[in-house]
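Subject: The model, and what turned up in it

Hi there,

Here is the structure I promised to pass on. Have a look at it first, and then read on for my notes.

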Amino acid sequence: MNGCINKTPVFSTKSCAKGQPAFHRHPSENHCWLSGLVLFHFLLSWISLTHGSIMSVESKKTREACCSKLKLFLASLAFVYFAKAFAGAYMKSSITQIERRFDIPSSLIGVIDGSFEMGNLLIIAFVSYFGAKLHRPRLIGIGCLIMAAGSFLVALPHFFQGLYKYETSMSHKAVVNSTETILPCLSNHSMTDADDTLDAETKLECEKAAGSPMWIYVFLGNMLRGIGETPVMPLGISYLDDFSREENTPFYLACIHTVGILGPMFGFMLGSFLSKIYVDTGFVDLDTITITYKDSRWVGAWWLGFIVTGTVVLLSSIPFFFLPKSLPKQGQEQEQIQSKSTELATKTEQEQFLPEETQEKPVKFQEMAKDFMPSLKRLFRNRIYSLIILTSLVAVNGFIGLITFKPKYIEQVYGQSATKAIFLIGILNLPAVALGFITGGFVLKRFKLGIVGAARVSISASLGSFCLLAIQIFIQCDNAEVAGLTMSYQRVPQVSYTPQTLLSQCNGHCFCSVKHWDPVCAYNGMTYASPCLAGCQTSTGMGKEMVFHNCTCINDAGPAANASAVLGQCPRKDDCDIKFKIYMALSVIGSFISACGGTPGYIVLLRSIQPDLKSLALGMQTLIVRTLGGIPPPIYFGALIDRTCLKWGTKHCGGRGACRLYNANAFRVTYLGMITGLYFLANTLWCYLYYSIVKRQKKIALKNQSKENGQESNAVANGHANINIADAEDMGMECTI
């Protein structure tokens, strides 16, 4: 309630002049959203038209009428994939903003990110098994409603918190008299490490006022999103595969994943746009804010995106409440019409009168529960399925760690802003992934590949992307030059960091605090942790335009040098931009190649399990992979990344906050080293999986060959027919391609 009272709108001419146009500063971004919606509508229309072209000319009219509900389900499932990916990608893009807003370390932000998978863990097994025998479209619709509620809950803390107070070493207040001069070097001697003097009770009251425990709402809301997302994949894919032609399933899956990949595109673009808007915009005078969106203390309007994504997910739930429980199998409608007269003769009058759905026998819950454990045993006796689960588990560990901290990696290693990092991921990497998914589906359909062919495409894509990932480890930029952290005040690279290294002879007379992070960039290219630590004596200007003069530590270029500094961290060297472009090029190409194996890998999974266990298999895969592959990676990746932090922020009430500066080289080795190791193990497992698939296909081919030869031998007098096992093995080697 205090937070709501504190957030009183500020109405001033300056605020309106400079603050509000932030929404209209880049009109091209508004056109981008409109173009994206047109593209999405066009893609759905293209799916429908392409599906219609697959049909034969003779039965086109009949099949259009019979398959219209399947088309509606396909379009609805594609849209819900878009909506859930939209919300999930926005959550990923807001990780940095949430970390800064609640002043929490990367390890805790990893727990919050993993809460989505925890929600899945709670009910995925039951939804996959029992949901397959119930009304699948309706369950998907209910799940979407729960997802929307979770998104709204994540945004809730913003409305109960007070105004965001960013960490600063001095009071930057707009002064009416512009000639008034602030003395940074002399203003801090009375507040050095002042937070240590607060007693426990005062700190507790301060933390309550700041609303720091509010991150729990984000945790619970994200978990609710995970619970709601549970029925979408196992029930939606199994429903589509059950009622579509076998040869059309790869194409449909590719279309769904392609439309779905537009969700992360829009999610990251929305995250990039909102990260430029100040978190309390409309409630504070933006002229008093001394930081920009490039600053590591900046927090964007993260809460607004969750309201947008929640609304989109809510709209995606509507069609599923109007779809039937089952549909006629695609391709069998013509045969059903031809045998209509025979069916009418054999059916009773009641059977002809009642709708098909009401004639089904009700499935008892006790019978389903009794059959659950035997079905589970049957499923995991399948060696191929178990290997697929293990391979996916290792690969997902690497992927989740990669995507969760990639914006932070780009920001810290290559010196890009969080906004630019999020935007580039959305505009470059994700379209490459979408193109990869559709390419993989096209290759399967064009060359009519079986399970062995699909496995070959998938493993080739995995190996290719792994090679490009390994190259990225060697593309590095030097650490940012920060006095007392990465460099000494004499511009010598620093091996280790202790709080005492921030103090030097040049700023010893200022009595500066070493806990605050309020960076300034000197004209010699060196960044100092605060104006006080730079030894600056005077300042001019207000807000973001403040300039500090007569800085005693900026003296390495001689007495005639410009000893002034401006707010913000210095940019990296020019060669770092070139290296960043090479890194992004390799990342985009690797994303495309990796995505080419996505649809073939899915087909390997679908074709290696019994039809009656399909929903359960998909659900158990989701359960295991998300439990062990979705929850732990953000936590242990975050904990390892925290070990590379050089400068921790200070909370408003004292204590350690979010990290402000990392050791770029240690970050790169830790982050990419872990991912490369996991992908190497995943590729090793893929090779063994491929060997097992080929071996099983040989056995099946030999068994079929033996049956055919056995039937022929029965027709030969006295059994003189011979079976050549070697020839059968040679023939069976490529029989599935």
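Accessible areas here come from the Shrake-Rupley method with a 1.4 Å probe, and for residues only the protein chains shown count as cover. On that basis, the protein chain has an accessible surface of about 33,500 Å², and 63% of this belongs to carbon and sulfur atoms.

Before the details, please keep in mind that this is a predicted model, in which local features need pLDDT of at least 70 and side-chain atom pairs count only at pLDDT 80 or more, while totals for chains, interfaces and linings use all residues. Residues are numbered from 1 along each chain as its sequence is written, and side-chain values use heavy atoms, with hydrogens and water left out.

**The chain as a whole**

The protein chain has 27 helices and seven strands; these are DSSP runs (helices are H or I, at least four residues; strands are E, at least two), numbered from the N terminus. Of its 737 residues, 52% count as buried, where buried means under 20% relative accessible area, exposed over 50%, and partly exposed in between (1.4 Å probe, protein chains only). A contact means heavy atoms within 4.5 Å. Taking the contacts with a separation of 6 or more, 81% are between residues 24 or more positions apart.

**Disulfides**

The structure holds six disulfides, a disulfide being a pair of cysteine sulfur atoms within 2.5 Å. Here are three of them.

- C477 is joined to C576, with an S to S distance of 2.1 Å. The link is right-handed, with 110° about the S-S bond. C477 sits in the loop between α21 (451-472) and β1 (520-522) and C576 in helix α22 (residues 574-596), so the pair ties together parts that are 99 residues apart in sequence. Both C477 and C576 are buried.
- C506 and C553 form a disulfide with their sulfur atoms 1.9 Å apart. This link is right-handed too, with 90° about the S-S bond. C506 lies in the loop between α21 and β1, and C553 in the loop between β4 (547-549) and β5 (565-567), so parts 47 residues apart in sequence are tied together. C506 counts as buried at 17% relative accessibility, and C553 counts as buried at 3%.
- C512 is joined to C532, S to S 1.9 Å. The torsion about the S-S bond of C512 and C532 is about -85°, so this disulfide is left-handed. The pair links distant parts of the chain, 20 residues apart: C512 is in the loop between α21 and β1, and C532 in the loop between β2 (527-528) and β3 (538-540). Both C512 and C532 are buried.

**Nonpolar cores**

A nonpolar core is a set of buried Ala, Val, Leu, Ile, Met, Phe, Trp, Tyr and Cys residues joined through side-chain atoms within 4.5 Å. The largest one has 141 residues, and I237, Y278, W302, Y414 and Y671 touch the most other members. Helix α4 (residues 60-93) gives this core its largest share, 14 residues. Which residues does Y671 contact, leaving aside its neighbours within four places in sequence? They are G401, L402, F405, K406, Y409, F637 and I641. A second, separate core of 31 residues includes Y528, C532, C551 and L646.

**A helix and a threonine inside**

Eight of the ten residues of helix α23 (residues 598-607) are buried, so this helix is largely enclosed by the rest of the structure. Among the buried ones are T599, P600, G601 and Y602.

T644 lies in the loop between α25 (632-642) and β6 (645-650) and counts as buried at 7% relative accessibility. Not counting residues up to four places away in sequence, T644 touches Y662, N663, A666, F667 and T670.

Best wishes
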